[in-house]
Amino acid sequence: MDRRKFLKTGAVAALGSLGGTASSLPPHFLWGAATAAHQVEGNDVNSDLWVLEHLPNSMFKEPSGDACDGYHLFEDDIAMLADLGLNAYRFSLNWARIEPANGEFSGAELRHYRRVLEACRRHGVTPLVTFFHVATPRWFAYEGGWESSTSVELFARYCGRCADHLGDLMGWAATFNEPNLMKLLSWVALPGGVRLTDVMAKGQADARQYLKAEKFSVFLGGNADIMQQNMLLAHEKGKAAIKAAHAKLPVGLTLAIEDDQPDGAQSRFEEKRKEAYASWLEAARKDDFIGVQTYTRQLVGNGHANLPAPKETELTQSGFEFYPEALEHAIRYVSQQTGGGVPVIVTESGVAVDDDTRRIEYIRRGVDGVKRCLADGIDVRGYLYWSLLDNFEWVSGYGPKFGLVAVDRATQRRTIKPSATFLGKMAMGSQ
Ligand code: BGC
């Protein structure tokens, strides 16, 4: 028996006899970390975002470049995750590689993702696979992206093809990562009262003009209402296509859920919740699980905007309030809104900080909240930290550090942070 298996078995035995801290966790609880293709793979040259990153006056601080070279280093990364004691890995398929042109699927790239899944299985790691995580193929964006009604069939076809080739090795499948993100971001006001989503829409309009492509549309710039309409349908059709290939594979989606709290009697936080989550939570009632992704709380006053975090509060590199209890509140909210019958997986929760002791604190308090939810009978199946690696944080480039593992981007050397060891030990029941 290798060291890892021995530790896992030993930890389980110890818990059995002592009733340790993890005794409230169900067997097969998923402990892991998450990544997304565009953020770690590198050289995602056929994606819509690669186009945006290279425009003059791009809204991206820097291009994604080699990222963490995860495309080549996946085997080592998965082995590292397993060695830490974690048993689950969430990653996304890269649509831009798998379908480089409309209707043209790459067998070589499908085999690549098969090798990624096989690596997970070899290391005793359950793979949670996301089919869309922010980036799309550039041809899809040129054809109108999620703003075009053709997106529904295009996405379903891609889902079906991937499930045919890869579904047998997947543990859980999520059609979408945070399809509600743009709705949520419409509640973010920038200094001067400008809405963040208006700035993003302007970025898309500028891109259209520069590219002389009037339909060019990206998830981070499209009209949130139109995209939501199409994505709700695409989720249903995508799920059906996955199920047609593998009926037993659990399929769901993940949502960005903030811990919205009212500030003042006239707070519009219920309106925000309705706008940002309601349609998706309704859709999720028919799914096999729901992925909760929570980073912070947001105070909502009487305007159509989040309020700034309270004065003197600790802020993370993302400008978020350091507030690990948000996770527990979000799980409770989602469970209640979905009628309590849909299993919940924390598919992302994380914090961008340089001081790794704060990350440990964030994880500890977040997981304590998960345990309280479980104790109250909420069916939580796993906790996946965002992110395994310090990676490409979208428009913010490589500044914010969310990772359990640091990456030297010149050498691609990985350095395990104490928080990674902490989470791994917790997974093995010894924290
Ligand atoms: C996204 C990740 C992102 C993380 C931290 C989530 O909204 O799914 O891709 O890196 O938040 O901002």
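I take helices (H or I, at least four residues) and strands (E, at least two) as DSSP runs, numbered from the N terminus. This is a predicted model, in which local features need pLDDT of at least 70 and side-chain atom pairs count only at pLDDT 80 or more, while totals for chains, interfaces and linings use all residues. I number residues from 1 along each chain as its sequence is written, and side-chain values use heavy atoms, with hydrogens and water left out.

**Cavities.** I looked for cavities, sets of points on a 1 Å grid over the protein atoms alone where a 1.4 Å probe fits but cannot get out, with lining residues having an atom within 4 Å of a point. Of its 17 lining residues, Val40, Gly70, Phe74, Tyr89 and Phe91 are the closest to the centre. Helix H4 gives the largest share of that lining, five residues.

**Cysteines.** Taking a disulfide as a pair of cysteine sulfur atoms within 2.5 Å, I counted zero. For Cys68 the nearest cysteine sulfur, that of Cys120, is 16 Å away. The sulfur of Cys159 is too far for a bond, because the closest cysteine sulfur, in Cys162, is 6.9 Å from it.

**Glu153.** I placed Glu153 in helix H8 (residues 151-166). I call Glu153 partly exposed because its relative accessibility is 46%, between buried (under 20%) and exposed (over 50%), with a 1.4 Å probe and protein chains only.

Definitions and conventions
1 Å grid on protein atoms, 1.4 Å probe; cavity = no way out; pocket = protein on both sides within 12 Å on 5 of 7 lines; lining within 4 Å.
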